[in-house]
Amino acid sequence: MTEPLSRRHVLGSAAAAGAAVLFTSGTATAAGRRPAALVAPLRPGIYALTRPHDQFLSLEGGREHVVLLPSVGLPGVQEWQVQARSDGTVTLKNVRHGTYIGYEDKPRANQLIVAGDMPKAWALRPGAEPSAFHVVVPGGPVGGSELALDLSLLMLYPPRTALRPYRRTDQRQTWRFDFHG
C-alpha cells in the first residue's frame, strides 16, 4: 500500500519542477498515480474543442443538442468560453449563443448534452497530449461510474454528444482545447 503524499509536498515538488497544478480534492500517492481530481492548468478564454479529423464541438441553435461538425465558418458556433470556478471546475459557454454545455436534471449515462441558460460545472482531466482533456462531470461516480462528455451512441447526423462512462486511458474520449483568445 502506498502512503498518501501531502498537498504541500506535491505542490512543493511541482513548484520545484516549474509545473502548475490545481487541486480540487483527493491526494496524490507515492506510486505517482495521478489523483482523479488533479486538474491540469487551462487559462480562461475562448477555445475550440475538437476531435480528430477537424471535428468541432458545435452549437447551431441557442438551446439545442451539442453536436460534432466539421468547420461551419459561422462566428462563435464552434467557440466556447472556458470560465474558471472557485472550486477548480470550469463552465463552457457558447460564444455565439451565450448558453452553456450541460444536461437536463441529474447526470446519467447516455444522457444527451444540450445547451441551456444555467451553467454546469465540468472537471478537466488531462489527456496524453498537452492541450487534450477529458471533460468530466465533477463529484465522483454517478450510477457506479464517472461520466464524461463524449459522442452519443445514437447513429444520427450530425453526431450528438452525451454523457458516457469516463475511460481515463482512452484518448479517443479527450477533447483538444485550441486557444482562440
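This section describes the fold, the nonpolar core and the aromatic contacts of a predicted model.

The protein contains 1 helix and 14 strands. Of its 181 residues, 41% are buried. Among contacts with a separation of 6 or more, 49% join residues 24 or more positions apart. The accessible surface of the protein amounts to about 9800 Å². Carbon and sulfur atoms contribute 55% of that surface.

The largest nonpolar core comprises 24 residues. Leu-92, Trp-122 and Phe-177 have the most contacts inside this core. Six strands each supply at least two of its residues: E3 (45–51), E6 (80–84), E7 (90–94), E11 (132–136), E12 (147–151) and E14 (175–179). In soluble globular proteins, nonpolar side chains tend to be buried together. Phe-177 illustrates the reach of these contacts. Beyond residues up to four places away in sequence, Phe-177 touches Leu-42, Tyr-47, Ala-48, Leu-49, Val-82, Leu-92, Leu-124, Ser-131, Phe-133 and Val-135.

Strand E3 was examined in detail. Of the 7 residues in E3, 6 are buried, and the strand is mostly covered. E3 pairs with E6 in the antiparallel sense, over 3 bridges. Here Ile-46 has Gln-81 of E6 as its bridge partner. E3 also pairs with E14, again antiparallel, through 4 bridges. In this pairing Ala-48 stands opposite Asp-178. A further antiparallel pairing, of 2 bridges, joins E3 to strand E4 (residues 55–58). Thr-50 is the bridge partner of Phe-56 in E4. E3 and E4 form a hairpin with 3 residues between the strands. In that hairpin, His-53 adopts a positive phi near 70°.

A search of the whole structure finds 4 aromatic pairs. In one of them, the ring centres of Tyr-47 and Phe-177 are 5.8 Å apart and the planes stand at 70°, so the pair is edge-to-face. The cut-off for this class is an angle over 60 degrees. Tyr-47 belongs to E3 and Phe-177 to E14, so the pair ties together parts that are 130 residues apart in sequence. Both Tyr-47 and Phe-177 are buried.

Tyr-103 and Trp-122 form another pair. Their ring centres lie 5.8 Å apart with the planes at 90°, so this pair is edge-to-face. The pair links distant parts of the chain, 19 residues apart. Tyr-103 sits in the loop between strand E8 (100–102) and strand E9 (114–116). Trp-122 sits in the loop between E9 and strand E10 (123–126). Tyr-103 has a relative accessible area of 11% and is therefore buried. Trp-122 is at 0% relative accessibility, so this residue counts as buried. The cut-off for burial is a relative accessible area under 20%.

Ring pairs also build a cluster, which consists of Tyr-47, Phe-133, Phe-177 and Phe-179. Phe-179 has a charged neighbour as well: Arg-43 lies over the face of its ring, 3.9 Å from the centre. Likewise, Arg-51 lies over the face of Trp-175, at 4.0 Å from the ring centre.

Notes
Residues are numbered from 1 along each chain as its sequence is written. This is a predicted model: local features need pLDDT of at least 70, side-chain atom pairs count only at pLDDT 80 or more; totals for chains, interfaces and linings use all residues. Side-chain values use heavy atoms; hydrogens and water are left out. A nonpolar core is a set of buried Ala, Val, Leu, Ile, Met, Phe, Trp, Tyr and Cys residues joined through side-chain atoms within 4.5 Å. Buried means under 20% relative accessible area, exposed over 50%, partly exposed in between (1.4 Å probe, protein chains only). Contact means heavy atoms within 4.5 Å. Two strands pair if DSSP finds at least two bridges between them. Accessible areas come from the Shrake-Rupley method with a 1.4 Å probe; for residues, only the protein chains shown count as cover. Rings of Phe, Tyr and Trp (its six-membered ring) pair if their centres lie within 6.5 Å; planes under 30 degrees apart count as stacked, over 60 as edge-to-face and the rest as tilted. A charge sits over a ring if NZ of Lys or CZ of Arg is within 6 Å of the ring centre and within 35 degrees of the ring normal.
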